[in-house]
Amino acid sequence: MSRRVLVTGGAGFLGSHLCEALLERGDEVLCVDNFYTGRKENVAHLLEDPRFEVIRHDVTFPLYLECDAILNFACPASPIHYQRDPVQTTKTCVHGAINMLGLAKRTGATILQASTSEVYGDPDVHPQPEDYVGSTSFTGPRSCYDEGKRCAETLFHDYRRQHGLDTKIIRIFNTYGPRMQADDGRVISNFICQALRGRDITVYGDGSQTRSFCYVDDLVVGILAMLDQPSDVAGPINLGNPAETTIGETAELIAKMVGTKGGVTYHDLPKDDPKRRQPDITLARRTLGFEPKTPLEEGLARTIAYFRTAGC
Ligand code: NAD
Ligand code: UDP
Ligand code: UDP
């Protein structure tokens, strides 16, 4: 059955892939975005579809429209973007969540929150299961994002308990793919663009810190599976690819795949940079049948091809 789905942050990296996937399966899509980090080009190819609409709007302000489901993805996601205006980041996380929950309460829509592995902070439990409460700083440079997302989760739980909303929370681990921004400072886009430009690849710290990278198409399958769950499935639920790799290995792999003339240089590790991160996806496997399929090399090849065409 066709549903009208509101995607906040729909012109961003993940949001644009979601808009595309929802249209493909027959839903109507309202893409709401203030273009803080998103781009019209990300959704330009969808505009001719009469079931697709873009609305310029900042979710920190109230929004009145009718819809059946809300995917709340509005929020800058890369550290340099969310730290550029940390107060606005917290407002987007918290006021944005309140407004979208208010909208869900009025319309009876199912609402899914894009939470993040950052709620676990610099974890001392590895890999991170959903019941790990995390180790975050609430005063550091990453706090606007980490604590903003944690508060949004609190709001989702409270609207569910207090107002009986059909809420769902996913905790997304590092995801990459086409339509990432070349200059947003995230490691995969940075390394690919540096390699394509023949510049040195900048590894922060000694490169021994780990991340587990999920290809965007795999993540989208998991997100839609969660959206389609009955109302008793609320999460939080981890979504990501558990294949863990060090940042040093990732740099070497990208350098080899691009065939760059540049080398690798080492720089200071940013403050509060998590040392290890790997999702425990037992719950997603069991509840959603979620299984990421794309190996890192294959996903990187597609992402490198995108940046070769789109430019860095
Ligand atoms: P992105 O920066 O590409 O997308 C965010 C989108 O939100 C952009 O289009 C931006 O313009 C929009 N936006 C920001 N503030 C807004 C506001 N106040 N009102 C309306 N729109 C606003 O980032 P992304 O990687 O696509 O991330 C999307 C969501 O997924 C974010 O909520 C992020 O926290 C979450 N997430 C992403 C990852 C990842 O690895 N990509 C990991 C964990 C969580
Ligand atoms: N809200 C919105 N769209 C709606 C309904 C509510 O943006 O369709 C906003 C509204 O501005 C409010 C917030 O969501 O501040 C929370 O709504 P709720 O009903 O929980 O709170 P109340 O209106 O009682 O303060
Ligand atoms: N990183 C790096 N070089 C870069 C960009 C990032 O070594 O040019 C490191 C960063 O310090 C972190 C990891 O790569 O340890 C992932 O960084 P990203 O900003 O992509 O994601 P997050 O830290 O939010 O997981």
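Mentor: Welcome! To start, helices (H or I, at least four residues) and strands (E, at least two) are DSSP runs, numbered from the N terminus. This is a predicted model, where local features need pLDDT of at least 70, side-chain atom pairs count only at pLDDT 80 or more, and totals for chains, interfaces and linings use all residues. Residues are numbered from 1 along each chain as its sequence is written, while chains are lettered from A and ligands numbered from 1 in the order in which they are written.

Trainee: OK, over to ligand 1. How many residues surround it?

Mentor: There are 28, and Gly9, Gly12, Phe13, Gly38 and Ala77 are the closest. Helix H1 (13–24), helix H4 (86–107) and strand S5 (110–116) each contribute at least two. H1 has the largest share, three residues.

Trainee: What classes do the residues of that shell around ligand 1 divide into?

Mentor: 13 are nonpolar, 13 polar and two charged. Here Ala, Val, Leu, Ile, Met, Phe, Trp, Tyr, Cys and Pro count as nonpolar, Asp, Glu, Lys and Arg as charged, and the others, Gly among them, as polar.

Trainee: Changing topic: what order do the seven strands of the open sheet follow?

Mentor: The order is S3-S2-S1-S4-S5-S6-S11, with parallel pairing. Strands pair if DSSP finds at least two bridges between them. At the edges are strand S3 (52–56) and strand S11 (237–239), each pairing on one side only.

Trainee: How many bridges join S2 to S3?

Mentor: Five, with S2 covering residues 28–33. Leucine 30, for instance, has glutamate 53 in S3 as its bridge partner.

Trainee: What about S4: how many bridges join S1 to it?

Mentor: Four bridges link S1 (residues 4–8) to S4, and valine 5 stands opposite alanine 69. Another four join S4 to S5, where isoleucine 70 stands opposite isoleucine 111.

Trainee: Which residues cover the two faces of S4?

Mentor: Ala69 and Leu71 lie on one side, Ile70 and Asn72 on the other, and all are buried. Buried means that 20 or more other C-beta atoms lie within 10 Å of a residue's own, C-beta atoms being placed from the backbone.

Terms used. Near = placed C-beta within 6 Å. Buried ≥ 20, exposed ≤ 12 C-beta atoms within 10 Å, placed from the backbone.
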